[in-house]
Amino acid sequence: FMSILITIIMFGIIIALHEFGHFIVAKLCDVRIAEFSIGVGPAIFKKKGKETLFCIRLLPFGGFCMFENDEDAEYDERAFENKKTWQKIVILLAGAVMNILLGFILVFVTTCLEPGKITSTTVSNFYENARSEQTGLKVDDRIIEVNGMRVFVDGDILYQFSKDKDGVFDMVVMRDGEKVELEGVTFDLIADESGNSSMVIDFTVYGKDKTFVNICERTVNQTIYISRIVILSLVDLVSGEYSVRDLSGPVGVVSVIGSAISPQQAFINNVITVLTISSLITVNVGIFNLIPFPALDGGKILFRIIEVIIKKKIKPEIEGTISAIGMFLLFGLMIFTTFNDILKLFGK
């Protein structure tokens, strides 16, 4: 029950802030807003403002900011469709920006709450007979690139390590104030009983004191890291490296939270876990919404860009039909991921 409650609250806040991003920027652009709703389905609460109907709906996994009725748009100078193209694009971008900003704030809070020092990317020590030391890596090397990917936080290093098959890497490090390229830095591989190999990470890194500057630096870099992981995961999904069966929805999030938090853990550790998961999800929601797919903010932005290129407005009925198809496909994906999550709960 606690996992379900946390998930509902988490998605409610993430969606509410996403829609609030659209709402506040639309207001700044003097756009008339007909309805602002959190959730989908039947309304369980309604409040009429000066010109906007505010609603909370039954199902918390969705929401919308409705600007105006199509039939009124032609005669209303405050209608979204009658605003300048750059204003429409900024309004559409605002939801995703709010999600990423929320992720930034959550990372800042978790960095402050986490015990101990901030993990760096600078090598502090090697274990005995470390292969990486024998093949080029040295103490006090600050790792800034692994296999061509820029390193911002220790998670970037671990990400590249997790995707590797042979335990051999090309690295760029900062050594004595100079960039040094290292080719063929090697790590030992250990095979388990099933024959699957895992890499032995044979070095440790320094911790950094929690000063305000270091916390801010970590927050920026960690937010970049999360954003890049989300983008790379989407690319891997499209390229076929991941299957659609690897996707998870709200039910999967409930399962993850249920596995990650425990009454036996210190309360602060559970809080850190929930905030960490929330930061990943809110950034994921923001970036996913920018995909140029019909019904998503990115798809609507694409329509606005096309209008600039062809120098005329796309007919509302055409855009509406394409968006409806996109919404239908997204609902189908949501149903699939929910069904898939349920099967995973039963080990199938």
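Buried means under 20% relative accessible area, exposed over 50%, and partly exposed in between (1.4 Å probe, protein chains only). The model is predicted: local features need pLDDT of at least 70 and side-chain atom pairs pLDDT 80 or more, while totals for chains, interfaces and linings use all residues. Residues are numbered from 1 along each chain as its sequence is written, and side-chain values use heavy atoms, leaving out hydrogens and water.

**View 1. Lysine 83, a buried residue without a salt bridge.** A salt bridge is a side-chain nitrogen of Lys or Arg within 4 Å of a carboxyl oxygen of Asp or Glu. Lys and Arg count as positive, Asp and Glu as negative; His and the chain ends are not counted. The nearest side chain of opposite charge to lysine 83 is aspartate 30, 4.3 Å away. The lysine 83 side chain does reach the backbone oxygen of aspartate 30, at 3.2 Å. A polar atom of this side chain also lies 3.1 Å from the backbone oxygen of cysteine 29.

**View 2. The salt bridge of glutamate 35 and arginine 57.** The closest N and O atoms are 2.5 Å apart. Because glutamate 35 lies in strand 1 and arginine 57 in strand 2, the pair ties together parts that are 22 residues apart in sequence. Strands (E, at least two residues) are DSSP runs, numbered from the N terminus, as are helices (H or I, at least four). Glutamate 35 is buried at 10% relative accessible area, and arginine 57 is buried at 17%.

**View 3. The salt bridge of arginine 175 and aspartate 141.** N and O are 2.7 Å apart. Arginine 175 is in strand 6, and aspartate 141 is in the loop between helix 4 and strand 4. Both residues are buried.

How values were computed: Polar contact = N/O pair within 3.5 Å; in protein donor to acceptor, adjacent residues only side chain to side chain.
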